[in-house]
Every structure is written in C-alpha cells, then in structure tokens.
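Please look over the charged pairs and the surface of the model below. My notes follow as numbered points.

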Amino acid sequence: ELDLPMVELVEYGDIFNYDVSGLVEMSKGTYDAPGKHVREGIVVRLQDASLNERNEYNSFKVINPDYPQ
C-alpha cells in the first residue's frame, strides 16, 4: 500500500446529468490543499463500487485541459 492521501470529493449524488463539456469544466480548478495545485482532472465512478464482468471498476477520467503537460 502506498498510503497516499485521498483527494477531495467534488460531488456525490444519485443523479448524473452532465455532458462532456460540463465534465471538462468540472475537471478544471485546483485542489483544496496547501499550494493550490492544479487538478489533473476528475474520476467519475458509480456509487456502487462493485466490479464488472472483467473484474474492473466502472469509472472514467476527465482530464483538465489546463493541466500543465
């Protein structure tokens, strides 16, 4: 185990009402941590964190277009 700190939870809820542009906007910003680091992006997951048929979690990442390369 790497013992890494968990990043902030941006949103939690039962309704997913976002299109791609809305998710990209949500991916922008900084972490609420000392230094105000630019977010790399967000990860979107189902609340039910069960594994799918390929033994993987159902999730995807939205990259912040402002994140320095």
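1. The structure holds 3 salt bridges, a salt bridge being a side-chain nitrogen of Lys or Arg within 4 Å of a carboxyl oxygen of Asp or Glu. This is a predicted model, in which local features need pLDDT of at least 70 and side-chain atom pairs count only at pLDDT 80 or more, while totals for chains, interfaces and linings use all residues. Residues are numbered from 1 along each chain as its sequence is written, and side-chain values use heavy atoms, with hydrogens and water left out.

2. Glu 40 pairs with Lys 61, with 3.2 Å between the closest N and O atoms. Helices (H or I, at least four residues) and strands (E, at least two) are DSSP runs, numbered from the N terminus. Glu 40 is partly exposed at 33% relative accessible area, and Lys 61 is partly exposed at 43% (buried is under 20%, exposed over 50%, partly exposed in between; 1.4 Å probe, protein chains only).

3. Glu 25 and Lys 28 meet through their side chains at 2.9 Å, N to O. Lys 28 is partly exposed, with a relative accessible area of 27%.

4. In the salt bridge of Glu 56 with Arg 54, the closest N and O atoms are 3.0 Å apart. Arg 54 is exposed, at 59% relative accessible area, whereas Glu 56 is partly exposed, at 38%.

5. Tyr 18 lies in the segment before α1 (20–27) and is partly exposed, with a relative accessible area of 31%.
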